[in-house]
Amino acid sequence: MKPAFEKLFGFDSAKNSIRTEILAGLTTFLTMAYILAVNPGIFSALPGMDGGAVFTATALAAIVGTLVMAVYAKKPFALAPGMGLNAFFVFTVCLGMGHSWQFALTAVFLEGIIFLILTVTKVRNWLINAIPGTLKKAIGAGIGLFIAFIGMQNAGIIVDNGATLVGLGSITEGKALVGVIGLFITAGLVMAKVRGGMLWGILITSVIGLFIKDPATGLSITTLPEKVVSLPDSVAPIFVKFEWGSILSWDMLAVVFTFLFIDMFDTMGTIIGVHQGAGIINKGNEEIPGVEKMFLADSIATIAGACFGTSTTTTYVESASGVGEGGRTGLTAFSVAVFFALALFLSPIFLAIPGAATAPALIIVGVMMMPSVKSIHWDDYCKAIPAFVTIIMMPLTYSISDGILLGVISYVLCHAIAGKFKDISVTMWVLAALFICKYIFI
């Protein structure tokens with residue numbers, strides 16, 4: 001058994017334990033399983049995107065991507081449709097720009113293929129290594145704030161305010177109250193280092209939602225499912241639903257290009273965040289070992305996810321929790337894929353979980369991604385200002401990619417104004433110029 005594991009997953013019997021790797025996989029799954037509840041909820045805003053089908057597509061995309069990560073990259077990281085990217089798909093491309101979800105899926109599929117090409121040619125590796133360490137640290141923290149902001153919106157803790165853009169919701173009633181109670185319950189479980197604390201927090205908060213009513217409708221925030229176990233819903237309603245007739249349109253070109261930018265830098269940011277959280281970055285040069293194979297797994301997962309009917313699939317920062325439990329090889333990732341496969345038969349439970357119950361997990365994930373800011377040199381304004389721009393612009397623009405693009409531009413401009421030209425690589429000059437053109441012409 002062990003020789004087979006060594007060949008398939010990079011498992012070394014002298015250094016690794018099968019039991020530890022499997023438990024690490026369980027830990028990772030428990031901390032990221034909220035996506036099975038969150039993703040169908042986000043896509044429910046689009047007519048025709050059946051919740052059950054989206055649930056199945058989410059699980060299948062996670063299984064495919066994580067298996068490739070396990071067998072090819074042999075890394076202890078898991079993949080699933082990414083937070084932020086799903087929001088961009090639904091709220092920007094479809095609801096904001098007025099395109100159909102079929103159009104958006106086609107764009108995801110096309111940019112996944114382009115990503116695959118960029119990965120094979122090592123362009124993505126070149127780009128990630130070109131980003132200065134300061135910005136890499138800021139990217140992880142910025143994504144954390146963005147994810148936490150989404151969670152607070154889902155719970156109604158943060159609401160739209162005509163005078164100030166955003167404001168505090170009515171936290172003493174309805175889903176906001178459920179979210180606040182759930183946040184402290186989940187925080188307590190995480191602080192007590194309960195394995196799967198975030199998932200347990202989601203489940204407990206969902207139960208609390210049974211006893212708290214929405215003041216607008218008079219209905220409970222959580223509704224009980226009619227059954228617990230069922231066969232997975234078919235992905236037929238959303239499987240390979242592409243709009244090939246639109247691929248030569250200017251709108252498709254614009255959306256694919258936008259997805260390309262967002263996916264490239266969202267994925268880059270997430271992978272950096274995962275490695276920052278797990279402490280697996282070469283301290284001397286800030287390079288990430290084996291990044292090419294991780295990018296390839298990400299590219300294949302994105303293409304597969306688009307075929308199944310969901311948004312871009314990416315590496316999850318929660319994988320750091322499994323690494324913290326001792327996971328070091330692809331066996332950890334393989335275990336996560338197995339648990340996602342089992343979850344396919346528990347869709348009624350996950351689909352009954354309200355957004356208010358998943359919000360605390362998103363907020364806690366945001367907290368997990370903040371520690372990298374402590375190693376930013378805040379007393380050096382050439383580094384501090386670009387880092388701050390990167391972090392703050394992600395939630396304020398509701399865009400991870402805008403935060404990264406504006407951070408790169410500000411990094412180059414701050415160093416140029418200070419006369420520190422030797423600290424600006426040729427690649428950073430080129431990227432800054434391209435990003436400025438992007439804002440001017442697109």
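## A partly exposed phenylalanine

With a relative accessibility of 37%, Phe-345 counts as partly exposed, a class that lies between buried (under 20% relative accessible area) and exposed (over 50%), as judged with a 1.4 Å probe on protein chains only. The model is a predicted one, in which local features need pLDDT of at least 70 and side-chain atom pairs count only at pLDDT 80 or more, while totals for chains, interfaces and linings use all residues. Residues are numbered from 1 along each chain as its sequence is written, and side-chain values use heavy atoms, with hydrogens and water left out.

Phe-345 is placed in the loop between α14 (330-343) and α15 (347-351); helices (H or I, at least four residues) and strands (E, at least two) are DSSP runs, numbered from the N terminus. Together with Val-228, Val-229 and Leu-231, Phe-345 forms a nonpolar patch on the surface, and the four have about 400 Å² of accessible area together. Such patches are made of residues with over 30% relative accessible area and no salt bridge, with nonpolar side chains (Val, Leu, Ile, Met, Phe, Trp, Tyr) joined within 5 Å and like charges within 9 Å, and accessible areas come from the Shrake-Rupley method with a 1.4 Å probe, only the protein chains shown counting as cover for residues.

## The chain as a whole

The protein chain has 19 helices and four strands. Its radius of gyration is 21 Å, close to the 22 Å that the globule rule gives for 442 residues, so the chain is as compact as a globular protein of that length; the radius is taken over C-alpha atoms, and the rule is 2.2 Å times the number of residues to the power 0.38.

Of the 442 residues, 56% count as buried, and the chain exposes about 17,900 Å², of which carbon and sulfur atoms supply 69%. Among contacts (heavy atoms within 4.5 Å) between residues at least 6 apart in sequence, 77% join residues at least 24 apart.

Ser-311, in the loop between α12 (291-308) and β4 (313-315), counts as buried at 1% relative accessibility.

## A salt-bridge network

Two salt bridges are counted, each defined as a side-chain nitrogen of Lys or Arg within 4 Å of a carboxyl oxygen of Asp or Glu. Asp-380 pairs with Lys-383, the closest N and O atoms being 3.4 Å apart, and Lys-420 pairs with Asp-380 at 3.9 Å. Lys-420 lies in the loop between α18 (400-417) and α19 (426-441) and Asp-380 in the loop between α16 (355-368) and α17 (381-397), so this pair ties together parts that are 40 residues apart in sequence. Through shared partners, the salt bridges join Asp-380, Lys-383 and Lys-420 into one network.
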